[in-house]
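Welcome! Please take a look at the sequence and the 3D structure below, and then let us walk through some of the details together.

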Amino acid sequence: MSMVRRNRAFCIALNLGIALLLEGAWVPAVDAQSTPAAGDLRGLPQLASAATSNRAARPRPRHRRRPATLRLPAVTQYGIPRLHVKAAYVVDANNRVLFEKNPDRILPIASLTKLVTTMVFLQTSPDWDRVIEIVPEDVHHSSRTRIRAREEITVRDLFHAALMSSDNAATKALVRTCGVPVDEFVRRMNLLVDSLGVPETHFVEPTGLSEQNVSTGQGMTVILRAATESDVVSAITQKTEYSFTSNRRVHHLVNTNRLLRSQWDITGGKTGFIHEAGYCLVTNVKGPTGVDVTAVVLGAPSNALRFAEARRILDWTFRFGLGLPQTTPAGD
């Protein structure tokens, strides 16, 4: 029994020695100057905890975002900011260019098409009091319309709806009943713009719903001036509101040209929109000094921005543009 006790004591001592040796291997290395004297292990726990606290306090590297580059709006030589539109153009009554941005760029013009549609329609000598019954084909795929099938509306009222609120059903009904087949009507539209000297303008249908109806900022000034030579077109496009009654209900039209409710004297104009064209505007304006100008905005990204950019162009034109030398470019 005494031999068993001695063997057990020897095993316990051996295991204790191994444990002490392993514990010594875990002690962190320290600087020689700070190493405690042999046999003195009192400083080791403090050194270990200090090393741990130093690791905890070490700041983690942060991925800092680079500051955004400061981009001021680009301006032209005479201080007007560049516009958020695809094209813009302003000329006076003598065709003097006051402002331009991409004036020759061919773009979809949406319902600005209706200016040429009305000019060709007027060539058919319409009876303004004639009543037209709206058929489903007029309303089908007409996008912007408040007119319904089986309504009976006079030519006069449909003409107002087409010009003031860009009503496509009204436009289809006028073309359908004018006595000229649609294909021939579109051919006459293209012949008309060719005769006006704007061959870059082209149409495939009379409403403006197709992105293949195209023109330029420069071409649209010519078209609007030609259209508003008609007293009827000029008068209607200057109206802010108009009401009429069909056989079914009352219609109240509000002109889509918001510049009519601005500080300027608007003497004609038209708006247009389809997704491919963006928001478009062409308008005649009489300035504070009586100077007539025509302004075009094509491809604005929103309805509000269409009129905001038009106001900026016109404000700059009447403040500075009219006083620039004729050979000085006013735009981009």
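In which helix is glutamate 309 found? Glutamate 309 sits in helix α10, residues 303-319. Helices here are DSSP runs (H or I, at least four residues), and strands are runs of E with at least two, numbered from the N terminus. This is a predicted model, in which local features need pLDDT of at least 70 and side-chain atom pairs count only at pLDDT 80 or more, while totals for chains, interfaces and linings use all residues. Residues are numbered from 1 along each chain as its sequence is written, and side-chain values use heavy atoms, with hydrogens and water left out.

**Confidence**

The average pLDDT (the predictor's confidence in each residue, from 0 to 100) is 83 for the chain, and 73% of the residues score at least 70. Where pLDDT is low, the predicted coordinates should not be read in detail.

**How covered are some single residues?**

The table gives relative accessible area; buried means under 20%, exposed over 50%, and partly exposed in between (1.4 Å probe, protein chains only).

| Residue | Relative accessible area | Class |
|---|---|---|
| Glutamate 309 | 1% | buried |
| Threonine 221 | 5% | buried |
| Alanine 110 | 0% | buried |
| Serine 166 | 4% | buried |
| Arginine 261 | 47% | partly exposed |

Beyond four places in sequence, glutamate 309 is in contact with Leu83, His84 and Val85.

Arginine 261 lies in the loop between β8 (250-254) and β9 (265-274). Apart from neighbours within four places in sequence, arginine 261 contacts Thr240, Val254 and Asn255. Its C-alpha atom is 7.8 Å from that of threonine 240, which is 21 residues apart from it along the chain. A polar atom of the arginine 261 side chain lies 3.4 Å from the backbone oxygen of asparagine 255.

**Two residues with positive phi**

Most residues other than glycine have a negative phi. Alanine 110, in the loop between β3 (107-108) and α3, has a positive phi near 50°. Serine 166, in the loop between α5 and α6, has a positive phi of about 55°.

**Helix α6**

How many of the nine residues of α6 are buried? Seven are, and this helix (residues 168-176) is mostly covered. The buried ones are Asn168, Ala169, Ala170, Thr171, Ala173, Leu174 and Val175. They pack against α3, β4 (131-133), α4 (136-139), α5 (155-164) and α7 (182-195).

**Where α3 meets α8**

The axes of α3 (residues 113-122) and α8 (residues 217-227) come within 10 Å and cross at roughly 35°; axes are lines fitted to C-alpha atoms, for helices over the stretch in contact, and angles run from 0 to 180 degrees between N-to-C directions. On the α3 side the contact uses Leu115, Val116 and Met119, and on the α8 side Met220, Ile223, Leu224, Ala226 and Ala227.

Technical notes. Contact means heavy atoms within 4.5 Å. A polar contact is a pair of N or O atoms within 3.5 Å; within protein, one must be able to donate a hydrogen and the other to accept it, and residues adjacent in sequence count only if both atoms are side-chain atoms.
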